[in-house]
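Let's take a walk through this model together. Have the sequence and the 3D view open side by side, and follow along as the parts come up.

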Amino acid sequence: MLRSALAFLPAVLMFVGPALANKVFVSNERGNSVTVLDSQSWEVIATFPAGNRPRGITISPDGKELYVCASDDDTVRVFDPETYEELHTLPSGPDPELFALDPSGNPLYIANEDDNLVTVVDVKTRQVLAEVPVGVEPEGVAVSPDAKTVINTSETTNMAHFIDTSSYKIVHNVLVDQRPRYAEFTADGKKLYVSSEIGGTVSVIDLSAAEPKITKKITFAVPGVLPEWLQPVGVKATKDGSRVFVALGPANRVAVIDGKTDEVLDYLLVGQRVWQMAFTPDEEFLITTNGNSNDVSIIDVKAEEVIRSVQVGEQPWGVVVAPN
Amino acid sequence: MTNPSLLLAVFWAAMLIASPLQAAEVKTAVLRIDRVLGPPISRLDAPPADLGFAGAMLGNEDNRTTGAFTGMDYTVKTQAVAPEQAEAALDALKAEGIGLIAVIAEGDMLKALSDRAGPEVLLLNAGARDEALRDADCRANVLHVSPSRSMLSDSIVQFLMWKKWSRILLIHGSHPEDKLLADSYRKSAAKFGAEIVEEREFVDTGGGRRTDTGHVMVQKQIPVFTQDAEDHDVVVAADEAGVFAPYLPYHTWDPRPVAGSAGLRPVSWHAAHEAWGATQFQRRFEKLTGRNMREEDYQAWLAMRVIGEVVTRSGKADPVSVRAYALSPDFELAAFKGQKLTFRSWNGQLRQPILLTDGRVTVSVSPQDGFLHQHSPLDTLGIDAPETACQAFGG
């Protein structure tokens, strides 16, 4: 490990160009670890233990704290992204799976899958600010760009719950297709994408009116792949809103969607059971976690091509890239 | 005697006052008909008192959580009765205004109850495996969330064909349900190109199923019973009555794997299953009940979730509307089996993957890769539309 890190060091120093190397953190659900990649060399530069069943993973806007949902430890573990030391834990409520940070870096909104709650935690004081009862098996969490609304998707209730961050009350519930997994706002806050894994659709929810409204359901079709295996999970939209990428789980594909028309343009073949995704800060690359092939695929966002795959730990689940 | 019209007037007045404030209530029940049975071969299989009911409680809890957001409340009444009290119990539930009833009973009993219930009641079969109930004896007021015998036997034979274990020694019991299951395996073998090279009947002579020295006798008897069979790749046991199948593994004359009623078993659910988010579902059940989830619990949970999903999507809770929506193309249900479950509109059977378990882990899930169907791979399991003799669904 040390040797590869040393070997890599001069390459960074010699590099001249616009793109910076960023650390990419991948949570390995069965490996109980986090794998660290370098976003330029795509080499594994470190692996460190991250508690039991690490799934959701995110990083503070200043890049100083890495948060990991250690689901089977019923806690969120906080790591130093430089030293990989565990700094402390956060009270997460039981079985934290996915979470989202307020754009300011505080608080953290955590979905507690076993208890039908969203727990709101102050990452500085490490206190629980609120517990919001939601539908059965809460999973996806997203914070609106203006930080006024938190979305939570409940997998068995099949709703996107809209939580007002000033009152921690649910203000809207939008029924979507079976087993909603992930919610993603566009950067302008005007649209929300919600993936339904078993329903096989992504609901496009228009937020410009007083009431959120589903305006379209994106469906998928890949020749030679049974429709049953086209199961949308992770969703990522580019900042300019031109492209939306949808991970299709056991179909081993990422769908490329036109962000204006919400039509599917292409399908990119990635590793097996593609789950979550993250952009590098410049959006040059999109990294996908492939749970069954124990690797991540790297997509060149402009070219809309998979450029390589990198072996990580056992059953990679979540991914986040350190800010510049 | 109280004046009935006065009672009615009071009732309506109460409704008028209550309705703007209270959530609409969806009343459901689980009716379990318990026959007196001997102890199972393994004490691990002894049925808990809340068998099925616990699954329904979880399903009802799930529905209530969702109902908090849709203005619907759900109740479930659970009742276990002896066969001779079954009809009275059904009548009593109807009299209480409960028209959505999950039934855990044997096939003949379910048929009798469905004939008695009438079209204003919807029964959800969470127990009986009988093919006839999905075929010539199908009833319009019954939806089957429990898989049929042919779905289970097809699941096993698909796996055996995938393994290229196509030569089967079929050992069936002497009870009527064993013979129905054996017949199902014969049809599955013919359907997927397996060969039943020989059949043997294990006659239930009424001996004790468990004794202190049981294993000594078993170790001597089973090898003899399975001696000199035609060349076979696998033993398939059809022992729905639970008389002998668990004795077969390790005791057969030829060293062959066992499938069917022992060894590799086809089930609607197993407590070890973890894929597709099942871990969290198992944990919620275990937290609620303090025990592992059984097939009857999963099926009763399914029944409640079918009702909940229809009510959430359609806003209607009367049995006729629930049936119509459940059978429509709009209905789909996520149920921790990796794909959406839907009903066969031509016989009311819920399509579902079948887990194959050795009792410790999920060994495989059928349908197997490569078994294709023009509509859904799930329709490679069980009788298909072109073969059905069911008339009650307009087919």
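Which residues in α9(B) meet which residues in α10(B)? On the α9(B) side they are B:Val306, B:Ile307, B:Val310, B:Arg313 and B:Ser314, and on the α10(B) side B:Ser321, B:Val322, B:Tyr325 and B:Ala326. Sorted by class, this contact holds six nonpolar residues, two polar and one charged. Please keep in mind throughout that this is a predicted model.

| Helix pair | Residues | Angle between axes | Axis distance |
|---|---|---|---|
| α5(B) and α6(B) | 149-162 and 176-192 | roughly 45° | within 8 Å |
| α9(B) and α10(B) | 295-314 and 319-327 | about 90° | 10 Å |

With an angle of about 90°, α9(B) and α10(B) are therefore roughly perpendicular to each other.

For the other pair, the axes cross at roughly 45°, which makes α5(B) oblique to α6(B). The crossing of α5(B) past α6(B) is right-handed. Seven of the residues in the contact of α5(B) with α6(B) are nonpolar, five are polar and four are charged.

**Chain B as a whole**

Zooming out, chain B contains ten helices and twelve strands. Its radius of gyration is 22 Å, close to the 21 Å that the globule rule gives for 395 residues, so chain B is as compact as a globular protein of that length. Along the principal axes, the C-alpha atoms of chain B fill a box of roughly 75 × 50 × 40 Å.

How is chain B divided into domains? Domain 1 covers 8-147 + 270-352, while domain 2 covers 150-267. The centres of the two domains of chain B, taken over C-alpha atoms, are separated by 32 Å. Where the domains of chain B touch, ten residues of domain 1 are in contact with nine residues of domain 2. The domain 1 side of this contact in chain B has four nonpolar, three polar and three charged residues.

**Where the chains meet**

**Backbone details to look up**

A few spots in the backbone deserve a click. In chain A, a cis peptide bond joins A:Asn106 and A:Pro107, with omega about 0°. You will find A:Pro107 in the loop between β8 (96-101) and β9 (108-112) of chain A. In chain B, a cis peptide bond joins B:Ser366 and B:Pro367, where omega is about 10°. B:Pro367 sits in the segment after β12 (362-366) of chain B.

Finally, have a look at A:Asp95, a residue other than glycine with a positive phi, near 45°. A:Asp95 belongs to the loop between β7 (86-91) and β8 of chain A.

Conventions: Residues are numbered from 1 along each chain as its sequence is written. Chains are lettered from A and ligands numbered from 1 in the order in which they are written. This is a predicted model: local features need pLDDT of at least 70, side-chain atom pairs count only at pLDDT 80 or more; totals for chains, interfaces and linings use all residues. Axes are lines fitted to C-alpha atoms, for helices over the stretch in contact, and angles run from 0 to 180 degrees between N-to-C directions. Helices (H or I, at least four residues) and strands (E, at least two) are DSSP runs, numbered from the N terminus. Angles under 35 degrees count as roughly parallel, over 145 as roughly antiparallel, 65 to 115 as roughly perpendicular and the rest as oblique. A crossing is left-handed if the near helix is turned anticlockwise from the far one by less than a right angle, and right-handed if clockwise. Ala, Val, Leu, Ile, Met, Phe, Trp, Tyr, Cys and Pro count as nonpolar, Asp, Glu, Lys and Arg as charged, and the others, Gly among them, as polar. Two residues are in contact if their C-beta atoms, placed from the backbone, lie within 7 Å. Domain bounds come from an automatic or database domain assignment. The radius of gyration is taken over C-alpha atoms; the globule rule is 2.2 Å times the number of residues to the power 0.38.
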